[in-house]
Amino acid sequence: MSNILKSVCSKYSITVLILSVFTSFLFFSCGNDSNTNKNHLVFKYNEHKNIGSLDPAFAKDNADIWAINQLFNGLVQMDESLNVQPCIAKHWTISEDALTYSFSLRNDVKFHKHNLFGKDSTRTVTASDFEYSFNRLLDKKIASPGSWTLNKVDTFQAVNDTLFQIKLKQAFPAFLGLLTMKYCSVVPKEIVEHYQSDFRANPIGTGPFKFKRWEENLKLVFRKNYNYFEKDQNGKPLPYLEAVAITFLPDKQSEFLQFAQGNIDFVSGLDASYKDEILTASGRLRTSYQNDVNMIRGPYLNTEYLAYFMETEVPELQSDLLRKAINYGFDRQKMMTYLRNGIGIPAHGGFIPKGLPGYNNSIGFSFQPEKAKQLVEQFKTETGITNPEITITTTSNYLSFCEYIQRELQKIGMTVNVDVIPAATLKDAKANGKLDLFRASWVADYPDAENYLSLYYSKNFAPNGPNYTHFKSDLFDQWYEDAFTITDTKQRELLYTKMDSLVMAKTPVVPLFYDEVVRFTRKKVSGLGINPINLLDLKRVKKTK
């Protein structure tokens with residue numbers, strides 16, 4: 001056993017004992033004795049960030065979204081290639097002016113059983129349920145963090161039981177993608193109004209799994225929904241699993257130990273505490289894990305970057321020459337190899353990440369140290385500043401990246417300071433224009449490049465919007481507004497690339513890398529898959545003994 005695992009074993013021996021007791025308890029409490037023969041059909045994973053709510057109106061964080069995705073459905077859903085697919089809506093039409101969306105609903109979708117439904121303990125979902133759910137999302141008393149998803153909606157109504165219609169204030173090509181978010185899930189009025197705020201811990205949805213029990217900070221159990229409406233390509237009912245069991249060990253190190261010992265089936269992401277234990281420097285599974293573990297990786301809609309505040313009074317950062325020199329002055333590939341074991345894609349394109357239509361790998365910056373040195377010398381000559389100096393502000397989690405850049409930029413003739421502050425302080429300071437150069441990341445709220453380009457629209461200046469750099473270009477603004485009127489997907493993607501290219505030419509940011517989703521599963525798990533929004537979908541997962 002490696003030193004990492006030895007230290008973790010020692011530190012968490014009590015936790016392991018508790019978890020093993022819980023696991024045994026879980027199997028025998030999920031049902032009658034016949035269910036003990038189905039223990040191998042329980043999918044187990046750990047959520048180290050905890051879960052705040054199982055109410056889809058509050059599906060803000062990944063931990064909550066993963067759990068809520070097993071319990072609830074919306075009108076539409078996203079496939080692994082980010083294409084919008086039918087869900088409770090079997091098909092839809094969009095008016096010629098792209099303002100009216102009409103959704104035809106399935107008539108075989110039932111809510112999970114609950115005695116409040118009366119005689120049959122369930123009922124069929126109708127369009128009025130979506131009308132209620134959307135009104136609830138907008139209700140200021142509920143204060144859902146997802147109310148913004150309906151900002152571009154003018155009206156919505158249940159035309160009849162199986163027809164739901166939405167009218168937009170203005171055309172918005174990414175709207176269907178927004179509707180795939182878990183905020184837009186359907187919920188039953190009678191159950192929500194009975195539990196009110198406690199619906200967070202008593203969820204009733206339509207999803208492939210139904211809620212069983214939740215002991216907060218300890219365990220969460222879902223059971224198979226035998227009335228689920230979706231089937232696989234062979235007509236077999238989904239899901240395949242009997243249950244999902246989630247534990248809440250509070251850190252990634254102890255989580256990885258449980259995975260290494262076979263007590264949980266799945267680990268997501270690469271943490272510094274175990275990355276060298278499981279992966280080689282080139283990002284491959286170590287031989288000691290190859291017989292028991294599968295690794296799945298793919299693009300993740302997350303761009304990690306440094307951002308300049310374009311209204312800065314620092315002459316070095318006002319200079320287009322130095323902003324370009326910084327972009328040319330460090331080796332992103334080497335950075336990913338040494339700091340991330342090769343996981344992540346060096347950002348040689350623009351701000352739009354790989355995996356999203358509009359991405360282009362030729363519009364950014366490659367490692368050209370000699371060119372970077374020439375730009376620095378040109379800056380010195382033109383300004384008389386002989387020792388250009390900058391400060392990068394970051395959080396402790398990304399200190400290693402900033403220190404790497406610091407060392408590399410010193411080689412091209414720049415002095416770089418690194419200032420480490422708490423995440424909450426950085427968040428507030430960048431929103432209020434108090435930082436000249438800072439590390440940031442942008443994870444897609446919805447899978448459309450407009451989501452990334454909105455950071456450079458001048459009407460979105462922070463703190464009232466996500467334009468933290470205060471980048472301003474009249475041409476960019478015009479293109480951004482034009483994009484909303486283009487319904488042809490390919491034409492819109494070409495415009496997105498043009499916009500991204502314009503941003504990179506003006507250098508308000510230094511793209512570092514596009515993240516990757518990395519998942520480790522036990523060999524007995526199949527069908528998990530991967531997607532660029534890192535959504536956990538368990539309805540097609542299988543487990544063998």
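A residue counts as buried when its relative accessible area is under 20%. The model we are looking at is a predicted one.

Let me stay with threonine 507 for a moment. Where is it? Threonine 507 sits in the loop between helix 17, residues 489-506, and strand 17, residues 509-522. Its phi is positive, about 50°, although threonine 507 is not a glycine.

Asparagine 534 is not a glycine, yet its phi is positive, at about 55°. You will find asparagine 534 in the loop between strand 18, residues 525-526, and strand 19, residues 542-543. Is asparagine 534 buried or exposed? Its relative accessible area is 8%, so asparagine 534 is buried.

Next, two peptide bonds. The bond that joins leucine 238 and proline 239 is cis, with omega about 0°. Proline 239 belongs to the loop that lies between strand 9, residues 219-224, and strand 10, residues 243-247. A cis peptide bond also joins alanine 462 and proline 463, and there omega is about 10°. Proline 463 is in the loop between helix 15, residues 450-453, and helix 16, residues 474-483.

Strand 4 and strand 5, residues 100-105, run antiparallel and are joined by five bridges. To find your place on the screen, look for alanine 89, which is opposite leucine 105 in strand 5.

Valine 153 faces leucine 168 in strand 7. Strand 6 and strand 7 make a hairpin, with two residues between them.

Leucine 321 is part of helix 10, residues 320-328. Its relative accessibility is 16%, and that is why leucine 321 counts as buried. What does leucine 321 touch, leaving out residues up to four places away in sequence? The answer is Leu375, Gln378, Phe379 and Glu382. Take leucine 375: it is 54 residues from leucine 321 in sequence, but their C-alpha atoms are 5.6 Å apart in space.

The axes of helix 10 and helix 12, residues 369-383, come within 8 Å and cross at roughly 160°. An angle over 145 degrees counts as roughly antiparallel, so that is the term for helix 10 and helix 12. Their crossing is left-handed. Helix 10 contributes Leu321, Leu322, Lys324, Ala325 and Tyr328 to the contact, while the residues from helix 12 include Leu375, Val376 and Phe379. Sorted by class, this contact of helix 10 with helix 12 has nine nonpolar residues, one polar and three charged.

The last item is another helix pair. Helix 11, residues 332-340, and helix 13, residues 399-410, have axes that come within 11 Å and cross at roughly 140°. Helix 11 is therefore oblique to helix 13. What is the hand of this crossing? The crossing of helix 11 and helix 13 is right-handed. On the helix 11 side the contact is made by Lys334, Met335, Leu339 and Arg340, and on the helix 13 side by Ser400, Phe401, Tyr404 and Glu408. These residues divide into four nonpolar, one polar and three charged.

That is the end of my slides.

Technical notes
Residues are numbered from 1 along each chain as its sequence is written. This is a predicted model: local features need pLDDT of at least 70, side-chain atom pairs count only at pLDDT 80 or more; totals for chains, interfaces and linings use all residues. Side-chain values use heavy atoms; hydrogens and water are left out. Axes are lines fitted to C-alpha atoms, for helices over the stretch in contact, and angles run from 0 to 180 degrees between N-to-C directions. Helices (H or I, at least four residues) and strands (E, at least two) are DSSP runs, numbered from the N terminus. Angles under 35 degrees count as roughly parallel, over 145 as roughly antiparallel, 65 to 115 as roughly perpendicular and the rest as oblique. A crossing is left-handed if the near helix is turned anticlockwise from the far one by less than a right angle, and right-handed if clockwise. Contact means heavy atoms within 4.5 Å. Ala, Val, Leu, Ile, Met, Phe, Trp, Tyr, Cys and Pro count as nonpolar, Asp, Glu, Lys and Arg as charged, and the others, Gly among them, as polar. Two strands pair if DSSP finds at least two bridges between them. Buried means under 20% relative accessible area, exposed over 50%, partly exposed in between (1.4 Å probe, protein chains only).
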